[in-house]
Structures are given as C-alpha cells and as structure tokens.
Amino acid sequence: MPGRIDRYEEVTPTKENLDWAELITLDLSLYEQPGGKEELVKQLDHAVRHVGFFYVKNFNISQEEVNRQFSLGKEFYALPLEEKLKYHNHDDLVRGEYNGYRPSGLRVIGNGVKDNIQVYNIPKFDGFHQRAQPAVIQEHIEEVEAFSRKCHSKVVVKLLRLFALLLELPDEDQLVRDHLYDVKGEDHLRYMHYAARSAEENGKVGDLYAAGHTDLGTVTLLFRQPVAALQILNSEGNWKWVKPQDATITINTCDALTALTGGLIKSSIHRVHAPPADQSTVDRLGLLYFARPNNHVVLDPIQNSPLLNRLGLTTNAFTELGQHLTTEEWVIVRQSQQQRRKVEAKILPGGKYEYNEKDLEIIPGLTAKIYN
C-alpha cells in the first residue's frame with residue numbers, strides 16, 4: 001500500500017516588479033485543429049531561432065498530476081541525507097552516469113562558497129535503465145512512469161512534429177522516430193532542489209545559483225513553480241527574468257537540437273539567479289523533463305531539410321572537428337565534463353565566472369561555455 005503523500009502547496013509568487021522576458025505561448029489546443037500546426041510553427045519560428053525559450057499551454061497533463069510530482073519531489077528531499085546518499089555514486093557521475101541522486105556541496109563554486117543544488121534524476125522507462133529507487137518513489141513508480149510518458153507523448157512528440165514542419169522535412173514524424181520513448185535513450189525526469197542562501201554567500205558568487213549555460217539535449221520542460229530565479233540571455237545580450245506563468249510549461253531548446261539543425265534552432269542560454277528579496281529565504285523546488293534523441297542517433301545536421309540546405313546550414317560544432325558523435329557519446333563526454341571536479345571559478349566584479357580552459361574541455365577542440 002503506497003504511503004500517504006502530502007498535498008503540494010505553492011509558494012506565494014513574488015510581488016517585485018522584475019525585468020521579465022517577453023516570450024510567446026504556444027496553445028497546443030490548436031494542434032489538432034485544421035491549419036493549427038502550421039499556425040503554431042509560425043509562432044514558434046522566431047522563438048527557436050533567436051531566443052530558444054517559449055511557453056506551452058493546454059498540454060493535456062492536469063495540474064493535479066503536476067502537483068503530485070512536486071509532492072513526490074518534496075517528500076524525497078525531506079528524507080535524511082544518509083538515505084538519499086544510498087542513491088548517489090560520485091564515480092558514476094564522473095563517468096557521465098547522471099541518474100540517481102546528486103547531493104549539494106560537491107563543488108566549490110568560488111570564494112569558498114559551495115553549490116546549493118540537489119538533483120534526483122529518474123531515467124525514462126524504456127527498459128534499459130533499471131535502478132533501485134527510494135521507497136517514497138518506488139511506492140508511486142507507476143504514477144511516475146505515467147507522468148514521464150505523458151511528458152513525452154503530450155508535449156515532446158508534438159514539438160518534434162512542429163520542428164519537422166519548420167525544417168520542411170518530407171515526413172513530420174522524422175524527428176519523432178529519432179526520439180522514441182521505448183528505444184534506448186537518455187530522457188529523464190528530474191526533481192531539483194535549490195537551498196536558500198544568505199545574502200552574504202550569494203554576493204560572493206555573483207548572486208547566482210547556477211551560472212549561464214545551455215542544456216545538452218533536444219528540449220527541456222520546466223513545470224511552473226513560483227519562485228522566480230530562472231533568467232535567459234536574450235538576443236540583445238541582456239539577462240531577463242522568466243515569469244512563472246499559470247498553467248504553462250516553460251520550454252527551452254538545447255544543444256542536440258542545435259547540432260541537428262546546423263545552428264538554426266538556438267540552444268537557449270539561461271542561468272539561475274538568487275530569488276528576489278520577498279522570496280530570498282525560500283527553497284526552490286523544480287520539476288523538469290529532459291528530452292534527448294535516442295542513443296544511436298548521430299548528431300550531424302539533418303541532410304534532407306530543404307530549409308537547412310537553402311541556408312547552407314550543413315555543418316555544426318562537431319562535424320567541423322571531424323566528429324560524428326552519437327547522442328550517447330555526446331551525453332557521456334558532456335556530462336563527465338560537467339561533473340569533473342573543477343578548480344573553483346575566479347569570480348570577477350559583476351559576477352563574471354572564469355575557469356581554467358582545461359576544466360571546460362569536452363573533447364579536444366570543443367569547450368563548454370560559461371555565459372556570465
């Protein structure tokens with residue numbers, strides 16, 4: 001008999017007048033209507049080429065289902081540390097195996113301040129990622145799987161078809177076939193916890209919880225939670241706050257999709273800022289789904305896109321180095337770089353982070369970028 005899970009209660013939204021980003025909202029109820037997909041593609045075009053962020057609404061996952069996942073995340077993080085550590089293996093992290101638990105404090109960010117982020121990743125239920133789960137998750141595993149599959153079928157698949165239409169592919173299911181849920185891949189559901197820090201500690205690290213970066217997959221789904229912290233770097237080079245909009249998912253496009261489209265679709269640059277003053281003492285709980293191409297997919301630019309061919313977008317950062325990485329190879333090298341024990345950053349006035357170049361090397365000739 002599954003244990004009782006407390007009802008999820010949202011934090012009060014900030015009342016501060018922040019410099020919010022202007023992002024489009026795709027209404028997925030248009031998807032099944034005549035001409036609806038074409039209309040959505042028109043709306044999507046500018047967002048994915050220039051910003052890499054947008055919202056979706058009417059995505060056919062109920063708020064009750066979303067809140068249940070937040071409740072499960074909250075229950076997991078309430079476990080004693082020694083219990084959570086049973087699902088952590090640092091050597092796995094260094095090898096690029098990121099599923100399971102990652103405690104906070106594994107690295108010193110800069111000026112003696114450690115990171116304040118806990119992560120619990122649950123791989124997609126494709127039969128290739130069998131893992132022990134803590135009782136609070138295992139008792140509700142069917143519910144977790146159902147939610148994971150809905151993220152894929154109700155949101156990711158629809159977006160992949162819209163991207164295919166944007167790219168003028170001959171078959172709108174071409175990208176869907178490269179992202180099949182039951183084929184081996186690195187999609188995962190994530191519960192993420194950011195612990196509130198003192199103003200003094202935040203000041204030592206440029207008031208950031210996470211420095212500016214891109215995600216490594218196809219798209220990331222961020223379910224609404226009201227603690228303001230996410231910021232994006234817009235096309236004018238300014239950081240803007242992303243407003244938690246009611247009944248939406250915030251979507252960002254990522255590195256693998258950029259590689260497949262020869263740079264046409266922007267891998268969104270984002271960071272996590274310390275929350276505004278009226279939320280500064282509140283811990284931030286995140287619920288995310290990361291979609292990636294199946295492991296065997298080679299991340300070369302798509303060859304049969306009339307749009308990419310017209311624009312001459314036939315190479316990417318990998319192929320220009322003579323590399324033809326599969327998704328599996330890309331995930332391993334990128335994750336192992338991210339989890340490598342780094343020398344702490346030199347943090348300059350204004351919050352700019354500087355690392356040794358070797359700390360950011362993914363493969364010879366390609367380094368990760370820190371956007372601050």
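The second largest cavity is lined by 13 residues. Leu222, Gln225, Pro244, Thr250 and Arg284 lie nearest its centre. The volume of this second largest cavity is about 90 Å³. Its lining divides into 8 nonpolar, 2 polar and 3 charged residues. Here Ala, Val, Leu, Ile, Met, Phe, Trp, Tyr, Cys and Pro count as nonpolar, Asp, Glu, Lys and Arg as charged, and the others, Gly among them, as polar. A cavity is a set of points on a 1 Å grid over the protein atoms alone where a 1.4 Å probe fits but cannot get out; lining residues have an atom within 4 Å of a point. Grid points are joined across faces, edges and corners, and a volume is the space filled by probe spheres set on the points.

The model is predicted: local features need pLDDT of at least 70, side-chain atom pairs count only at pLDDT 80 or more, and totals for chains, interfaces and linings use all residues. Residues are numbered from 1 along each chain as its sequence is written, and side-chain values use heavy atoms, with hydrogens and water left out.

In total, the structure holds 4 cavities of 30 Å³ or more. The largest cavity has a volume of about 970 Å³. Its lining comprises 45 residues. Nearest the centre of the largest cavity lie Arg102, Ala210, Ala211, His213 and Gln338. The lining of the largest cavity contains 22 nonpolar, 13 polar and 10 charged residues. Several elements each supply at least two residues of this lining, including β6 (117–123), β7 (188–194), β8 (208–213), β14 (284–291) and α11 (327–339). Helices (H or I, at least four residues) and strands (E, at least two) are DSSP runs, numbered from the N terminus.

Strand β12 (248–253) also supplies at least two residues of the lining of the largest cavity. Ile249 is found in strand β12. Ile249 is buried, with a relative accessible area of 0%. Buried means under 20% relative accessible area, exposed over 50%, and partly exposed in between (1.4 Å probe, protein chains only). Ile249 touches Phe54, Tyr55, Val56, Phe59, Val155, Leu221, Leu222 and Phe223, not counting residues up to four places away in sequence. Contact means heavy atoms within 4.5 Å. Ile249 and Lys369 are 120 residues apart in sequence and 26 Å apart in space, C-alpha to C-alpha.

Charged pairs were examined next. Side chains of opposite charge can pair when their charged atoms come close. A search of the whole structure finds 18 salt bridges. A salt bridge is a side-chain nitrogen of Lys or Arg within 4 Å of a carboxyl oxygen of Asp or Glu.

Arg224 forms a salt bridge with Glu10, with the closest N and O atoms 2.9 Å apart. Arg224 lies in the loop between β9 and β10 (230–233) and Glu10 in the segment before β1 (25–27), so this pair ties together parts that are 214 residues apart in sequence. Arg224 is buried at 13% relative accessible area, whereas Glu10 is partly exposed at 39%.

Asp19 and Lys240 form another salt bridge (3.0 Å, N to O). Asp19 lies in the segment before β1 and Lys240 in strand β11 (residues 239–241), so the pair ties together parts that are 221 residues apart in sequence. Asp19 is partly exposed, with a relative accessible area of 42%.

Arg224 also meets Asp246 in a salt bridge (3.1 Å, N to O). Asp246 lies in the loop between β11 and β12, so this pair ties together parts that are 22 residues apart in sequence. Asp246 counts as exposed, at 59% relative accessibility. Salt bridges that share partners join Glu10, Arg224 and Asp246 into one network.

Definitions and conventions: On a 1 Å grid over the protein atoms alone, a cavity is a set of points where a 1.4 Å probe fits but cannot get out, and a pocket is an open set with protein on both sides within 12 Å along at least five of seven lines; lining residues have an atom within 4 Å of a point.
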